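Work through the exercises below with the sequence and the model side by side. Try each task before reading its solution.

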Amino acid sequence: QVQLVESGGGLVQAGGSLRVSCAVSGSIFSIRDMGWYRQAPGKQRELVALITSGGNTNYADSVKGRFTISRDNAKNTIYLQMNSLKPEDTSVYYCNVALKVLVAAPYVDYWGQGTQVTVSS
């Protein structure tokens with residue numbers, strides 16, 4: 001059974017910083033892409049940042065230069081460092097991981113439970 005446990009959300013003033021983490025545990029053979037998504041009330045879930053198994057990264061235009069995604073493969077953990085936060089960054093942040101549990105199994109997407117990030121003006 002695979003579990004994704006997120007931590008690090010909270011309330012911060014505009015211009016401040018937060019780091020969210022997502023630890024993946026369970027029966028894991030291989031992890032491919034890892035990413036962070038966010039969803040604000042009344043809006044669709046959107047990609048924030050993605051990091052491949054090779055370390056290549058991709059960011060939404062709205063967070064480029066402010067957010068940094070990273071991963072620790074030894075710990076099966078993904079991080080999102082968020083700097084210069086803006087009120088419009090307020091959302092529930094979800095981690096997403098593509099992994100396989102067996103060598104012959106396909107890659108499957110797993111989601112974290114979400115962590116609230118609130119930026120006050």
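The exercises go from a sheet to its strands, then to the core and to single residues.

The model is predicted, so local features are given only at pLDDT of at least 70 and side-chain atom pairs only at pLDDT 80 or more, while totals for chains, interfaces and linings use all residues. Residues are numbered from 1 along each chain as its sequence is written, and side-chain values use heavy atoms, with hydrogens and water left out.

**Exercise 1. The open sheet**

Task: Give the strand order of the open sheet of 4 strands and the sense of its pairing.

Solution. 
- Step 1. Strands are DSSP runs of type E with at least two residues, numbered from the N terminus. Two of them pair if DSSP finds at least two bridges between them.
- Step 2. The order is E1-E3-E8-E7, and the pairing is antiparallel.
- Step 3. The edges are held by E1 (3–7) and E7 (67–72); each has a single partner strand, so one side of each lacks a neighbour in the sheet.
- Step 4. On average, neighbouring strands of this sheet are turned by 15° against each other, direction ignored. The axes behind this angle are lines fitted to C-alpha atoms, and angles run from 0 to 180 degrees between N-to-C directions.

**Exercise 2. Bridges across the sheet**

Task: State how many bridges join E1 to E3, E3 to E8 and E7 to E8.

Solution. 
- Step 1. E1 and E3 (residues 18–25) are joined by 5 bridges. Within this pair, Glu-6 has Cys-22 as its bridge partner.
- Step 2. Between E3 and E8 there are 6 bridges, again antiparallel. Here Ala-23 is opposite Thr-77.
- Step 3. E7 is joined to E8 (residues 77–82) by 6 bridges. Facing residues include Ile-69 with Leu-80 and Thr-68 with Gln-81.

**Exercise 3. The two faces of E7**

Task: Sort the side chains of E7 by the face to which they point, then describe the hairpin of E7 and E8.

Solution. 
- Step 1. Buried means under 20% relative accessible area, exposed means over 50%, and partly exposed lies in between (1.4 Å probe, protein chains only).
- Step 2. Phe-67, Ile-69 and Arg-71 point to one face and are buried.
- Step 3. Asn-76 is partly exposed, because its relative accessible area is 26%.
- Step 4. For comparison, take the loop between E8 and E9, where Ser-84 is found. Ser-84 also has a positive phi near 50° without being a glycine, and its relative accessible area of 41% makes it partly exposed.

**Exercise 4. The nonpolar core**

Task: How many residues has the largest nonpolar core, and which have the most contacts inside it?

Solution. 
- Step 1. A nonpolar core is a set of buried Ala, Val, Leu, Ile, Met, Phe, Trp, Tyr and Cys residues joined through side-chain atoms within 4.5 Å.
- Step 2. The largest such core has 28 residues, and Trp-36, Leu-80 and Met-82 have the most contacts inside it.
- Step 3. Two or more residues each come from E3, E4 (30–39), E5 (46–51), E7, E8, E9 (91–100) and E11 (115–120).
- Step 4. In soluble globular proteins, nonpolar side chains tend to be buried together.
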